Amino acid sequence: MTVEEARAQFPVLERIAYLNAGTFGPMPRAVLDAVRAALQRDAQEGRSGLPYFEEVMGLRDALRARLADMVSADPLQIALTSSTTEGCNIVLKGLGLASSDEIVTTSAEHFGLLGALSVSGARIVVVEPEPDAIRAAVTPRTRLLALSQVLWTTGGVLPVRELREETGVPVLIDGAQSVGAIPVDAAGVDFLTISGQKWLCGPDSTGALVVAEPEALRVAWPSSFSQAGYDVDGTFEPRPGAARFEPGWWPASSLAGLLAALDVRPDWAFERAALVAEGCRSLLAPRVDLVTPEPRSTLVAFRAPGDPSELVASLNARDVHVREIPGTGLVRVSCGWWTSDGDLERLLAALPA
């Protein structure tokens, strides 16, 4: 599949330089078709009966297997969630932390992770998003490192697996800006959250949680999917694997849509996205104050004269979609495997002289 053929799968790219996958990815036509077909089936044939239930459960199994393959995990380590935020909450609730425990995180985290940390019961230690600062903050009371693999603000990449190995402390990775954007290997980490609607280009409210050792994490938020059998007092036998943490039902349309999104990804997606991001930095460097973390991902952040929110609105009005990072003065560009040189040239042309 050529770049042109790949781009042709996204109707939005016919008009818009879509550079905001860090919020929501562009939706391929195949996702729309799969969602529409599943909803049509539900409307015409109903959502009941054993064959229907078995069909949906089969889609759940298929999706766990596909996501596991993407991050080099076992399907039994995958729980389906509605978001990375939900995954973070499942982990933090399940750890059962107390005020005598500490969690080390950074000052560049998204509230999707921070909110879960704030109600965990543990003391939160916040440091700069630098490996040395994270290592130095670890004490005998540290129970968890809670970190983004790719910082949503600047696109910097943290060495999460190395930090796990060096400190011996379990790590919860917010994978919202990494899974689907850069190669991610879940081996050697304890918890990894996945967003389905960002870099994977799936339907809204889709995602997953990877749990390396499901039996070691308490089910603190049980649903019907949590149990393989239960008593009248609510005592239950947990389902095998991480599926015990799944908080609820997904419609068949969402399952089919995310599977369809995974099918459209070309083999060269990661290499192309990295190349495009570096091309974006080269184009922007003479015109703006570019942030260049090392190592870095497919997010490109910069500062330009004037109000960033006004700049984003101005770009949006010219069909160039980027976003502001509130409170930082940064404008963020998301470069995906679908991004063309023409998209980047439109961005450059729309910037103030």
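**View 1. Helix α2 meets helix α8 in this predicted model.** From α2, the residues A30, V31, A34, V35, A38 and L39 touch A252, S253, A256, G257, A260 and A261 of α8, where contact means heavy atoms within 4.5 Å. By class, this contact has 10 nonpolar, two polar and no charged residues. The axes of α2 (residues 29-45) and α8 (residues 252-263) come within 8 Å and cross at roughly 155 degrees. That makes α2 roughly antiparallel to α8, a label used for angles over 145 degrees. The crossing of the two is right-handed.

**View 2. Helix α3 packs on α8.** Here the angle is about 35 degrees, and the axes of α3 (residues 50-70) and α8 lie 10 Å apart. This crossing is left-handed. On the α3 side, look for Y52, V56, L59, R60, A62, L63, R66, L67 and M70; on the α8 side, for A252, L255, L258, L259, L262 and D263. The classes here are 12 nonpolar, no polar and three charged residues.

**View 3. S83 sits in a loop.** You will find S83 between β2 (78-81) and α4 (84-95). S83 is buried, with a relative accessible area of 18%; buried means under 20%, with a 1.4 Å probe and protein chains only. Its side chain reaches two backbone nitrogens: that of T85 at 3.4 Å and that of E86 at 3.0 Å.

**Notes for all views.** Residues are numbered from 1 along each chain as its sequence is written, and side-chain values use heavy atoms, leaving out hydrogens and water. As the model is predicted, local features need pLDDT of at least 70 and side-chain atom pairs count only at pLDDT 80 or more, while totals for chains, interfaces and linings use all residues.

Terms used:
Helix = DSSP H or I, 4+ residues; strand = E, 2+ residues; numbered from the N terminus. Buried < 20%, exposed > 50% of the residue type's maximum accessible area, 1.4 Å probe, protein only. Polar contact = N/O pair within 3.5 Å; in protein donor to acceptor, adjacent residues only side chain to side chain. Axes fitted to C-alpha atoms, helices over the stretch in contact; angles between N-to-C directions. Parallel < 35°, antiparallel > 145°, perpendicular 65-115°, else oblique. Left-handed = near helix turned anticlockwise from the far one by under 90°. Nonpolar A, V, L, I, M, F, W, Y, C, P; charged D, E, K, R; others polar.
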